Amino acid sequence: MPYAYVDGSYNIATKQFGYGVVFFTGVTDENGEPEYFTLSKAFSEPELAEMRNVAGEIMGSAQAMKSARARGFKELTIYHDYEGIAKWCTGEWKAKKTWTKKYKTFYEEISKDLSVTFKKVEAHSGNKFNDMADKLAKEAVGNK
């Protein structure tokens, strides 16, 4: 089954936010290593930038779901370190801001075709792939 690690970052100087995604396809190569690809992107939308790194977390999670659907997957597990990524989707947190509402609506629509499971991981705890997603997000916005 495919799974993805997602993270977000914010650059105070440029007011950019971005995401990093490490997406595992569920396939292993000839050496038994899991096949994966990475995605990252920065954005400069002032309304979303008010949410700082959370905006990147949202965009990363949504991109992981879009990537899974585009590849014809029917299920995806998302590993995240920011709990809102899951809780807005599951309804444990009420989506109050414009973009959390859009994220919740996006999730409801995509979940008609894609079963998404969320797994919380600790941030900066030495998890190789969560750290990789974090690094990709930081690089996307120019943070070192």
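Okay, let's start with Gly 18, which lies in strand 2. Before I go further, a reminder that what we have here is a predicted model.

So, is Gly 18 buried or exposed? Buried, with a relative accessible area of 0%; the cut-off for buried is under 20%, so this glycine qualifies. And what is around it? Setting aside the neighbours within four places in sequence, Gly 18 is in contact with Asp 7, Gly 8 and Ser 9, then with Lys 41, Ala 42 and Phe 43, and also with Gly 56, Ala 137 and Val 141. One distance for your notes: from Gly 18 to Ser 40 you go 22 residues in sequence and 7.1 Å in space, C-alpha to C-alpha.

Let me step back to the whole chain. How many helices and strands are there? The chain has 5 helices and 5 strands. If you walk along the sequence, the pattern reads β-β-β-α-α-β-α-α-β-α. The radius of gyration is 14 Å, close to the 15 Å that the globule rule gives for 144 residues, so the chain is as compact as a globular protein of that length. If you like to think in boxes, the C-alpha atoms fill one of roughly 45 × 35 × 25 Å along the principal axes.

Some more numbers on the chain. Of its 144 residues, 44% are buried. Take the contacts between residues at least 6 apart in sequence, and 67% of those join residues at least 24 apart.

Now the inside. Which residues have the most contacts within the largest nonpolar core? That core has 34 residues, and the ones to look for are Phe 17, Met 65, Leu 76, Ile 78, Tyr 103 and Phe 118. Helix 2 gives the largest share of this core, 8 residues. There is also another core lying apart from it, with 7 residues, including Phe 24, Val 121, Phe 129 and Leu 136.

Staying on the inside, find Ala 4 on your screen, in strand 1. This alanine is buried too, with a relative accessible area of 0%. Not counting residues up to four places away in sequence, Ala 4 touches Val 21, Val 22 and Phe 23, as well as Ala 64, and then a run made of Leu 76, Thr 77, Ile 78 and Tyr 79. For a contrast in reach, Lys 94 is 90 residues from Ala 4 in sequence, and the two C-alpha atoms are 24 Å apart.

Next, Ser 67, which is in helix 2. Where does this serine fall, buried or exposed? Buried, at a relative accessible area of 4%. Leaving aside neighbours within four places in sequence, Ser 67 is in contact with Phe 23, Phe 37 and Leu 39. Phe 23 has come up already, as one of the residues that Ala 4 touches.

Let's move to the loops. Glu 83 is in the loop between strand 4, residues 75-80, and helix 3, residues 84-90. With a relative accessible area of 34%, Glu 83 is partly exposed. Beyond residues up to four places away in sequence, Glu 83 touches Trp 93 and Lys 120. Glu 139, on the other hand, is 22 Å from Glu 83, C-alpha to C-alpha, and 56 residues away in sequence.

Last stop, two backbone angles. Which way does phi go at Lys 15? It is near 60 degrees, a positive value in a residue other than glycine. Lys 15 is in the loop between strand 1 (3-11) and strand 2 (16-28). At 51% relative accessibility this lysine counts as exposed, because exposed means over 50%.

Arg 52 has a positive phi as well, near 55 degrees, and is again a residue other than glycine. You'll find Arg 52 in the loop between helix 1 (46-49) and helix 2 (53-70). Its relative accessibility is 41%, so Arg 52 counts as partly exposed.

That's what I had. Happy to go back to any of these residues on the screen.

Technical notes: Residues numbered from 1 in each chain as written. Predicted model: local features only at pLDDT ≥ 70, side-chain atom pairs only at ≥ 80, totals over all residues. Heavy atoms only, no water. Helix = DSSP H or I, 4+ residues; strand = E, 2+ residues; numbered from the N terminus. Buried < 20%, exposed > 50% of the residue type's maximum accessible area, 1.4 Å probe, protein only. Rg over C-alpha atoms; globule rule 2.2 N^0.38 Å. Contact = heavy atoms within 4.5 Å. Core = buried A, V, L, I, M, F, W, Y, C linked by side-chain atoms within 4.5 Å.
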